[in-house]
Amino acid sequence: MKQKQFELEHQALWSQIDTILMLQKNQLSASDKSVLPFPQLYRRLCQSLALALQRGYSPTLTDYLQKQVADCHRQLYGAAVARPLTLRHWMLVVFPRLVREEWRLLMLAMLAFWGVGLGVGLLVWFEPQWAYAFFEPPKLESVEQMYRSPTMKVGRGTEGDLMMFGHYIWNNVSINFRTFAGGVVGGIPALLSTAFNGLHFGVIAAWLSKDPVTREAFWSFVVTHSSFEVTGLLLSAVSGMRLGWSLISPGRLSRRHALYAASLRMFPMIVGATLLTVIAAFFEAFWSADPNVPVSVKYSIAAVCWSSIALFFAFAGRRA
Amino acid sequence: MITGRLSLTTPEGVRLLLTPAGPVPRAWAWALDLLVWLGFIGVCAMTLGWSKAGKGIYLVLLFVSYWGYPIVCEVYFGGSTLGKRAAGIMVVRVDGLPVGWRESCLRNLMLVADFLPFLYTTGLLCMLSDVQFRRLGDIVAGTQVVYRDVLTVKPLLNVDAIDDEFGRIESQPLPYPLSPVQQRSLIDLVERESSLPPERVLELATIAQPLTGQTGEKSLRRVRAYVAGLIQ
């Protein structure tokens, strides 16, 4: 068959497909009548492309058909199934299960954070001069001033709270993301960053606890939101370390595939860690620094937060 | 034939051809996106002012635009941020399908790792060592960046137009049968005539001497006649 005859025969099909592609690009809910025979039309299009290639028709024609086939393929197979409850399912079932599955890495991350924090904290508690080994004196001074200053007693006001909220979101969540991405280099940066955060926390906590004036201000401020913030940080470190570990020990997959498989698996965890850090930012900005809340209430809310975190990761998603 | 294209076979038995985009167009796209983002951030900073509340909202916007802009663009606008659109490239999954939330988030979070130690060195090295020009984030997320097909010419336009200054060309049968690939290259020459310099066309037509038995202008006229015979 000559090319011209072939084009004349298939012209109707091609323009029909063009219309469908245009419709679906412009309006997501195209009228059902035009969508219905789409798979059949697509198969006929594929057949016409195969014929055109096999018969050596001109490149203009085959390129045109090739592009149409590619567009149709994306349209047909790329349409995602609507899964409205995925995120909820991920957060309530997949996420806690994943955390329990990765308990070894979680232990390692907790050791890096709490172990280093406790060790350095005890050192500073008994030998306070060691604090200067980790921080410059002006830095320690300014931290101490912060918890001594009257703003701890009168609060920052709503505007100040909002500013700090923005700061916590931008700063802390970005740190989470960096910890996760840094993990790909063998997991060491993620672990180091966790240990460094633990060290920071340990020194500051021990230093401020020595002084009864700052002790109360510090612990009542920190205790509630740290439940979410530290958990978020540890979990993003765990997901980063898992990526790094898949490079070190890929098992029976190639390194590329191991990395890909690990990242797909850890994605719910990084989403969960991000959510936890966002929740922490809310608490840190609008609750922790609120001077009108009695200290005892803060401690009891903190107890509720910490125990609900522990209970959630211990029991959520076990049935279902 | 070496074309620099990847081919994926679909369930229908046809092949999808994808052209991976290299570091240079991607760097341009990145630079343009950076400019867009800086512009947006600048406008935000100016409108919100430096009050405490304004600063808070500004930082939240900074966060959302910095991490969210590429993700939202890739998921909702055909795999392209503004910069990628301008550079004519798009992000697809390795199987050629559009990216979803998971792929897009992962590849954009991994930008941090690709940046190390400075200015995307890891990403560049990774791209250069991968057949599909994938950076670390692309490997982690199972995506790749390919050129958008730009094609506006529809067939049925060139078919009637085979004529020259002496009027319509009478079709001639081929002296001996040609394979489909050979036929295709003849048709290709005639279709591309208008976009090539005349001397080059004559030079190419001379290569067909074993077929036409002529050189230069005469050979070209004969090729046109054969092509007219092939397609009409």
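Predicted model: local features only at pLDDT ≥ 70, side-chain atom pairs only at ≥ 80, totals over all residues.

Reader: How many salt bridges does a search of the whole structure find over all chains?

Author: Side chains of opposite charge can pair when their charged atoms come close. Here the search finds 16 salt bridges over all chains.

Reader: Which parts does the pair D138(B) and R26(B) tie together?

Author: The two side chains form a salt bridge with an N to O distance of 2.9 Å. D138(B) belongs to helix α7 (residues 136-141) of chain B and R26(B) to helix α1 (residues 23-48) of chain B, so the pair links parts 112 residues apart in sequence. Both D138(B) and R26(B) are buried.

Reader: Where do D114(B) and R135(B) lie?

Author: D114(B) is in helix α5 (residues 111-115) of chain B, and R135(B) is in the loop between α6 (121-128) and α7 of chain B, so their pairing ties together parts 21 residues apart in sequence. Their closest N and O atoms are 2.7 Å apart. D114(B) counts as buried because its relative accessibility is 0%; R135(B), at 6%, is buried too.

Reader: Which residues are joined into one network by salt bridges that share partners?

Author: The network consists of R26(B), E74(B), K84(B), R107(B) and D138(B).

Reader: What joins the side chains of S58(A) and E191(B)?

Author: A polar contact of 2.9 Å joins them. S58(A) sits in the loop between α3 (38-54) and α4 (59-78) of chain A. Its relative accessibility is 1%, so S58(A) counts as buried. Beyond its neighbours within four places in sequence, S58(A) contacts Q3(A), R184(B), I187(B) and E191(B).

Key
Residues numbered from 1 in each chain as written. Chains lettered and ligands numbered in written order. Heavy atoms only, no water. Helix = DSSP H or I, 4+ residues; strand = E, 2+ residues; numbered from the N terminus. Buried < 20%, exposed > 50% of the residue type's maximum accessible area, 1.4 Å probe, protein only. Polar contact = N/O pair within 3.5 Å; in protein donor to acceptor, adjacent residues only side chain to side chain. Contact = heavy atoms within 4.5 Å. Salt bridge = Lys/Arg side-chain N within 4 Å of Asp/Glu carboxyl O.
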